[in-house]
Amino acid sequence: MRMPIALLCLVGFVAPLLAGDAALPFGEGMKEPKDICPGSVFNEPSSVLFHAERGTLFAVGDEGDLIELKTDGTVIKTAHPGHMDFEGITLGPDGKIYVGVECLYDEKGKPSGILVVNPDTLEVERTIQVDPTLDGKRVFAVREDGGMEGLCYVPERGWFAVNQFFPAHVVELDVPAEGDRATVKRIVADVSLKVICASDISYDAASGHLLVISSSFEGRTGKVFELDIDGKVLRELEVPGQAQEGLCVDADGNAYVAQDSGGILRCEKPSGGGK
């Protein structure tokens, strides 16, 4: 996804931290973010994942790039499986990395909805076609903006995705453990009234909540919307950076923001905890 770059905004609306809210290090008292992976190292990052078992980050880019790096930005390995618009990344129940592709079909009509990637080698092991419809109505665009913008797996609950622009939907997917076809099970929430430009979805295991990123767009401020697992919007926080397209939190409570304009920001947990 490409869009105009808005101004950097570090501090803004801060909702009170309720019991069970995701401990995000944004808002009052947050430290200055550090770009640990500038654009010269990795092009147009669009989603980022913290792999708890490995203690590393994985990220994907708009031009079909993959990277594994340490939380300080040290590059471990990279790969370029092909010229595809990668927009989401999550860890599946089988320990594989699942990558969501915005254009569900390439220019030759070949399915490219979800790629299953070996985290040890970054090689693609399987491609899963995503049916873009639900009850005969299109949920995802096929070859243009409006396709899949984020993908996450929630243990014991299943797969969730978000589409871009209006109407912005959080949807639940049926992704097979084997096979090559995924379907939309249901629309979990219509978040278009709050989310201006949905750009990613991730899962916060500590709170059990979904985090939907709304990128800075046409002068608006980037935000994260925290949802319960049933799709109810619980609160919103402003997110630092420009053209924010991905968010994850590591085991120590530090957040990482992928910027489509270039760079991955590390936002360290403040001494008093997240807001």
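1. Ala168 is buried in this predicted model, at 1% relative accessibility, where buried stands for under 20% relative accessible area with a 1.4 Å probe and protein chains only. Ala168 sits in the loop that joins strand E13 (158–163) to strand E14 (169–174), strands being DSSP runs of E with at least two residues, numbered from the N terminus. Its C-alpha atom is 5.6 Å from that of Val191, 23 residues apart along the chain.

2. Val117, which belongs to strand E8 (residues 114–117), is likewise buried, with a relative accessible area of 1%. Leaving aside residues up to four places away in sequence, Val117 touches Leu66, Lys96, Ile97, Val99, Leu122, Glu123 and Val124, a contact being heavy atoms within 4.5 Å.

3. The largest pocket holds about 680 Å³ of space and has a lining of 30 residues, with Phe50, Tyr203, Asp204, Ala205 and Val249 nearest its centre. A pocket here is an open set of points on a 1 Å grid over the protein atoms alone, where a 1.4 Å probe fits, with protein on both sides within 12 Å along at least five of seven lines, and lining residues have an atom within 4 Å of a point; the volume is the space filled by probe spheres set on the points, which are joined across faces, edges and corners.

4. Strand E2 gives the most to this lining, with five residues.

5. On provenance, residues are numbered from 1 along each chain as its sequence is written, and side-chain values use heavy atoms, without hydrogens and water. The model is predicted, so local features need pLDDT of at least 70 and side-chain atom pairs count only at pLDDT 80 or more, while totals for chains, interfaces and linings use all residues.

Notes
Helices (H or I, at least four residues) and strands (E, at least two) are DSSP runs, numbered from the N terminus. Buried means under 20% relative accessible area, exposed over 50%, partly exposed in between (1.4 Å probe, protein chains only).
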